[in-house]
Amino acid sequence: MRSYLRRGFVPLNEMFYRIQRERLNRLNTIFDKLTFLHILGIWMGVVVLFGIFYYYGGTERSYLFSNIHKEAVTSLLDHIYFSFITATSTGFGDIVPFGYFKVISILEVVWGLVLLAFVTSKLISIKQDVILGEIYDISFQERIHGLRSSLLLFRQNCGRLINQLEEGTLKKREVNELYTYISSFEDVLNEIADLLNDSDEDAHFTKVLDPVNTELIFNGVIHSFEKLQELVEALNKSKVEWQRDITVNLIHKCLMVNKSLFAKLAAPRMPRAMKTKAQPLPDKKVQDLTAANTRVVEGIKKGLEPGRWEGTVSGG
């Protein structure tokens, strides 16, 4: 409630709605943490307690009567047996309640049916979680493949532009639209950053990026920046006027995202505040990737320095 007050005025009905929703979410969380065995154990424990109550709570007017032996039930095992067939609504009719035990047996039937419903729903949720987990795993892998494919497409576009520069067939229009490729590259880098961000601890499904995919993604990022460096150097050598403000700003944004990505690469060795969803790579591998990335980034920054290109435009 204090957090609501810090945000400013909150209508009273909205405040009550939020409180009720938080309580409901808390109850759902508690129920989700209970396993099938927990619920089954609770159900069996309650049934046994009812049986013990029947045994010790009997009076002259309230007792269990055996239709087979035509006498009151005296065995604790028989009382627990009656409790089980009552909770499961089996009702063989060999033992019947008298007195207020009739009311108690009705309450036990209701309680038993409620707990059985919980057990059934838990069984269904377990199967559902397995299916959803498989679907989530497939979608997670597809997301990784999509990111790697996007990085490959960016490198292919850069390679095509470099070939056109070398052949002298690069059009002015394509130079002016260079920012569109850089913008797409920035979007891919931001998606990778989101993939590495720490997940919500309360999330039902979480997936950790394994070391193999982590290395593949970061190698793809480095190769993409290497291709961008080649393109920048080729553009500078060809004396093409390509450094529009939007293009340069997008490259700087890509470099900023690159810096945050490689900070996350070493995150497992850093404080909890920088935790990521990627399993740590070996120290030697992290050092090699970081060193290669640093060389590429320095090369791109050098290519963006004033005086690295001439203000003439190739034909188009």
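Visitor: Is F140 buried or exposed?
Guide: This is a predicted model. F140 has a relative accessibility of 6%, so F140 counts as buried, the cut-off being under 20%.

Visitor: And what about Y136?
Guide: Y136 is partly exposed, because its relative accessibility is 27%.

Visitor: Where do Y136 and F140 lie?
Guide: Both belong to helix α5, and they are 4 residues apart, about one turn of the helix.

Visitor: How are the rings of Y136 and F140 arranged?
Guide: The ring centres of Y136 and F140 are 6.4 Å apart and the planes meet at 25°, so this pair is stacked. Planes under 30 degrees apart count as stacked.

Visitor: How many aromatic pairs does a search of the whole structure find?
Guide: The search finds 12 aromatic pairs. There is also an aromatic cluster, formed by F53, Y54, F82, Y100 and F101.

Visitor: Let us change topic. Which residues touch the most other members in the largest nonpolar core?
Guide: They are I192, F225, L228, W242 and L261, in a core of 49 residues. Two or more residues of this core come from each of α5 (101–167), α7 (178–196), α8 (211–237), α9 (245–265) and α10 (283–303). The largest share, 10 residues, is supplied by α8.

Visitor: What does F225 touch?
Guide: Leaving aside residues up to four places away in sequence, F225 touches F185, L189, C254, L255, N258, V296 and I300.

Visitor: Next, the largest pocket. What is its volume, and which residues line it?
Guide: The volume of the largest pocket is about 220 Å³. Its lining consists of L255, M256, N258, K259, F262, A263, T290, N293, T294, V297, E298 and K301. The elements giving two or more residues to that lining are α9 and α10. L255 and N258, in the lining, are also among the residues that F225 touches.

Visitor: Finally, the strands. In what order do they form the sheet?
Guide: The order is β2-β1-β3, in an open sheet of 3 strands with antiparallel pairing. β2 (71–72) and β3 (95–97) are the edge strands, each pairing on one side only.

Visitor: How many bridges join β1 and β3?
Guide: Strand β1 (residues 64–66) pairs with β3 over 3 bridges, in the antiparallel sense.

Conventions: Residues numbered from 1 in each chain as written. Predicted model: local features only at pLDDT ≥ 70, side-chain atom pairs only at ≥ 80, totals over all residues. Heavy atoms only, no water. Pairing = 2+ DSSP bridges. Core = buried A, V, L, I, M, F, W, Y, C linked by side-chain atoms within 4.5 Å. Buried < 20%, exposed > 50% of the residue type's maximum accessible area, 1.4 Å probe, protein only. Contact = heavy atoms within 4.5 Å. Phe/Tyr/Trp six-rings, centres within 6.5 Å; stacked < 30°, edge-to-face > 60°. 1 Å grid on protein atoms, 1.4 Å probe; cavity = no way out; pocket = protein on both sides within 12 Å on 5 of 7 lines; lining within 4 Å. Points joined across faces, edges and corners; volume = space filled by probe spheres on them.
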